[in-house]
Protein chains: 2
Amino acid sequence: MVHPSILSPVTRHAPLSAAILGGLRDVEEIFANQLRSDLPAVNELAHHVERYRGKMLRPTLLLLSGMAARGSEDGAVLNKAHRTAAAVAEMIHMATLVHDDVLDEADTRRRGRTVNSLRGNETAVMLGDWLISNAFHLCSLIGDPAVNVLFGETTNTLCEGELLQLSRREDPSLDELTYMQIVRRKTAALVSSCCSIGARLSGASELVQDSLGKYGEFTGCAFQIQDDVLDLAGEEALVGKTLGRDLEKGKTTLPVIMLLRQATPWERSEVLSIIHNRDGAALLERLRLSGALDEAKATAIQLVESAKSALESIPHGVAKDLLCELADEVVRREA
Amino acid sequence: MVHPSILSPVTRHAPLSAAILGGLRDVEEIFANQLRSDLPAVNELAHHVERYRGKMLRPTLLLLSGMAARGSEDGAVLNKAHRTAAAVAEMIHMATLVHDDVLDEADTRRRGRTVNSLRGNETAVMLGDWLISNAFHLCSLIGDPAVNVLFGETTNTLCEGELLQLSRREDPSLDELTYMQIVRRKTAALVSSCCSIGARLSGASELVQDSLGKYGEFTGCAFQIQDDVLDLAGEEALVGKTLGRDLEKGKTTLPVIMLLRQATPWERSEVLSIIHNRDGAALLERLRLSGALDEAKATAIQLVESAKSALESIPHGVAKDLLCELADEVVRREA
């Protein structure tokens, strides 16, 4: 079930890839076991969301960070706590996908129908809640209260990012600083926690945990910018989910911020009317011609460079190399 | 901020009431501190939901169980963990209220406008998520992984109850057994956990924890039945929230189950058409004339008797007496 594109670097490193892929299989099993219910109605829904699982980026980063923190390419440094925490991260992520689809009124996710489109918003809201609840329940089975605190802080931050974004909908005056604050909270916080928790569970020093946390934060920001670029300029068949939702839902993202920043007053009023009319094709043409799309991509690439630099204090080795390659893939991906 | 009706027994017992009311003030402070954010947009929402806090039934039961488990009426048996767990329970409850209002498309809650009606469903969904996340974060600050596991199991169960109910909407063939399963999961599980966790944090034996857990389960079921009775037959001005939502949203509740069970085929088809037409007044008339409403109330009263019997192994004392009086109040209340 590993996504072909973004995790392709993993498969290129034979001994380490076996450890990671084996770890991910365990994560999938822990995930599925946690979501077993005695109610058929609930199991049916759990089964449906299992197909949402795609890239497994967060679990991969957690496991890889656990190895990189020790400079090891041996899967033996990964323990049950790593695999459980990785399943927790994926479950939190999946809960956000289910609720995001309600917020975005999206119909398609990973080439399948969304829960909200199939079963209504009410079931999707409650299913998301059930996933969050299970994530925290699973997390407490690790038995390390600090991990619960860390994941709890992370999801607080994540929700705050979403609430901040919601409070600035239909607001084309949103500036880059606020945009980055939203992205850091709603996406990068969880990616960052995966990396630092992976290191923590390997018994790494605070310095190493922080370095990996920073790597995750930069990578997460780059990931979200690429997502926002794809939402405007990607191919729906390739990406596998409903695109153009940001324009539709009045979300101002980085390419548009950059377009408006360089526009003359006359161009600006034209772009605002294009946004007002939800004219995706016209907006895309402007984004391409003005270079704003490339500028946004350049920002993402720069963030990836910062991510790689953050790994300086991490022991050299294949795991570290792979983290660098994965970060590159985050901005290269078209899905 | 204590609700006048349901907690009135508390105020009748002078020394104990001071301990409980003092404890509840601490709970409110812990609650408010947890929900402080650096984002003004988030603080504004947190402030809005604070007025949702009404009965404080769950924190009261947790604190009271903590005292009853030790047969004490001295507030000194309650520690910081009791107060924090009580705040966690109220926060979980408040999250369910925010999401319930989205599910029920309700406009009014505790005499104020609901978040969904004021700020849209999207903000309400995300605010509910933020409350759940904060509840788990706060819970992990207690530092006892077992409490996290217990609350996690409880919220899993709670969501499953809601999902089961959603899967049986628009289904007047719902039987009493399934109805009770829904009620036990979606409402009684949290009330029960409050009581058993309160006892646990007082260092009570498994037997005492279980007895209080059973008391909570019976009381919680009675509470939900009374809620369902009020939704059909209560006075909106008294209850302070939008009524008639169960009929509107196709939820079959106990009074209707009892009405349909005793109906002749001819009456049955009449009632089904009344339900289909969402004719609340006609339904209420049938419920009253047939005695089905009284029958549902009698079931709730019976559950309260079982709740009180479950306290047999609990040391005699004012705290235990108060638990009994509170259970009585649950079915006597009109709000």
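This is a predicted model: local features need pLDDT of at least 70, side-chain atom pairs count only at pLDDT 80 or more; totals for chains, interfaces and linings use all residues.
1. The same surface serves both copies, as 100% of the contact residues of chain A recur in chain B.

2. Interface. Chain A contributes 37 residues to the contact, and chain B contributes 37 residues. On the side of chain A that touches chain B, at least two residues come from each of the helices α3 (40–50), α5 (80–104), α7 (121–141) and α8 (145–167). By residue class, this side of chain A comprises 19 nonpolar, 13 polar and five charged residues.

3. Nonpolar core. The largest nonpolar core has 224 residues, and those with the most contacts inside it are Ala222(A) and Ala222(B). Leaving aside residues up to four places away in sequence, Ala222(A) touches Ala300(A), Leu303(A), Val304(A), Ala307(A), Val330(A) and Val331(A).

4. Surroundings of Ala327(A). Helix α17 of chain A, residues 318–332, contains Ala327(A). Ala327(A) counts as buried because it has 27 C-beta neighbours inside 10 Å, where the cut-off for burial is 20 or more. Its contacts, not counting residues up to four places away in sequence, are Thr219(A), Val304(A), Ala307(A) and Lys308(A). Val304(A) and Ala307(A) are also among the residues touched by Ala222(A). Ile301(A) is 26 residues from Ala327(A) in sequence, with a C-alpha to C-alpha separation of 9.1 Å in space.

Terms used: Residues are numbered from 1 along each chain as its sequence is written. Chains are lettered from A and ligands numbered from 1 in the order in which they are written. Two residues are in contact if their C-beta atoms, placed from the backbone, lie within 7 Å. A nonpolar core is a set of buried Ala, Val, Leu, Ile, Met, Phe, Trp, Tyr and Cys residues joined through C-beta atoms within 7 Å. A residue is buried if 20 or more other C-beta atoms lie within 10 Å of its own, exposed if 12 or fewer, and partly exposed in between; C-beta atoms are placed from the backbone. Helices (H or I, at least four residues) and strands (E, at least two) are DSSP runs, numbered from the N terminus. Ala, Val, Leu, Ile, Met, Phe, Trp, Tyr, Cys and Pro count as nonpolar, Asp, Glu, Lys and Arg as charged, and the others, Gly among them, as polar.
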